[in-house]
Amino acid sequence: MPVAGGGGERKSLDHSTALNRFLAQVERRAFGMARLSCGSPDDALDIVQDTMLNFVRLYAGRPEGEWNVLFYKILHSRITDWYRRTAVRRRFHDWFGKPRDGEDDEEDPMARVADTTSPDPAEGVARQEFTEALQSALMKLPLRQQQAFVLRAWEGLDTAQTAQAMGCSEGSVKTHYSRAVHALQVQLEEFQP
């Protein structure tokens, strides 16, 4: 016997399931993007958690088709906020001659984990070298170029969606993306076949 209002509960459960699935899908990529932008795994984790909380609070009720752009819009905003706070903190430390956060960088524990996915050691080394060079090259890009590249090339957003996520015009996205691609081609020239 169907329970009164069961359709509404079922719809709500489906929506919650879809929301959890979406957050699980974007979490890892968002962490990678945040870490690439700020360079610190701890700060990246804080940025992603804050993004997820704000996304759920503000946009969980929006249609599922809008979630991707809205999520990256919040992530972009949080990364930009992190840059601003860090710049102020650095100025403060520079004025007073204090060491900056992260100057005594610890070794990344993930670097000690053996790569079991590649049976060919030479291929694994080449892949690792390329990954490190790509990350280094991406970190050298200005923030707007870096985010335009990641949203377009990694996340697969189109120009309009990227513009919405970054809060700028489509023309600006095209300019930032084009400059990023050119800069990466120059910096990664040794890896081209």
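Because the model is predicted, local features are described where pLDDT is at least 70 and side-chain atom pairs count only at pLDDT 80 or more, whereas totals for chains, interfaces and linings use all residues. Residues are numbered from 1 along each chain as its sequence is written, and side-chain values use heavy atoms, with hydrogens and water left out.

## Helices and their buried residues

The elements named below are DSSP runs numbered from the N terminus, where a helix is a run of H or I with at least four residues and a strand is a run of E with at least two. For a helix, the expected span is 1.5 Å times one less than its number of residues. Helix H2 has 19 residues, and its first and last C-alpha atoms lie 26 Å apart, close to the 27 Å expected at 1.5 Å a residue. In H5, 12 residues should span 16 Å at 1.5 Å a residue, and the end C-alpha atoms are 15 Å apart, which agrees. Just after H5, Gly156 takes a positive phi of about 75 degrees.

A residue is called buried when its relative accessible area is under 20%, exposed when it is over 50%, and partly exposed in between, using a 1.4 Å probe and protein chains only. In H2 the buried residues include Ala44, Ile47, Val48, Thr51 and Phe55. In H5 the buried residues are Leu143, Gln145, Gln146, Gln147, Ala148, Phe149, Val150 and Leu151.

## The nonpolar core

A nonpolar core is a set of buried Ala, Val, Leu, Ile, Met, Phe, Trp, Tyr and Cys residues joined through side-chain atoms within 4.5 Å. The largest one here holds 44 residues, of which Phe55, Phe71 and Tyr72 touch the most other members. Two or more residues are given to this core by each of H1, H2, H3, helix H4 (121-140), H5, H6 and H7, and H1 gives the most, with 10 residues.

Contact means heavy atoms within 4.5 Å. Not counting residues up to four places away in sequence, Tyr72 touches Val26, Arg29, Met33, Leu151, Glu155, Leu157 and Ala165.

## Residues inside and outside

Thr162, which is found in helix H6, counts as buried because its relative accessibility is 0%. Leaving aside neighbours within four places in sequence, Thr162 is in contact with Ala148, Leu151, Arg152, Leu157 and Val173. Lys174, by contrast, has its place in helix H7 (residues 170-187) and counts as exposed because its relative accessibility is 51%. Lys174 and Thr162 are 12 residues apart in sequence, and their C-alpha atoms are 9.6 Å apart in space.

Helix H3 holds Val69, which counts as buried at 7% relative accessibility. Val69 touches Gln161, Gln164 and Ala165 when residues up to four places away in sequence are not counted. Although Val69 and Leu151 are 82 residues apart in sequence, they are 9.6 Å apart in space, C-alpha to C-alpha. Thr80 is also found in helix H3, and at 16% relative accessibility Thr80 counts as buried. Beyond its neighbours within four places in sequence, Thr80 is in contact with Leu143 and Gln147.

## Salt bridges

A salt bridge is a side-chain nitrogen of Lys or Arg within 4 Å of a carboxyl oxygen of Asp or Glu. By this rule the count comes to six salt bridges, and the table gives some of them.

| Glu155 | Arg29 | 2.7 Å |

The salt bridge between Glu155 and Arg29 links distant parts of the chain, with Glu155 in the loop between helix H5 (143-154) and helix H6 (159-166) and Arg29 in helix H1 (residues 6-38), 126 residues apart. Glu155 counts as buried at 12% relative accessibility, whereas Arg29 counts as partly exposed at 36%.

Asp50 counts as partly exposed because its relative accessibility is 31%. Asp50, Arg78, Asp81 and Arg84 are linked in a network of salt bridges.

In the remaining pair of the table, Glu66 is partly exposed at 31% relative accessibility, and Arg62 is partly exposed with a relative accessible area of 37%.
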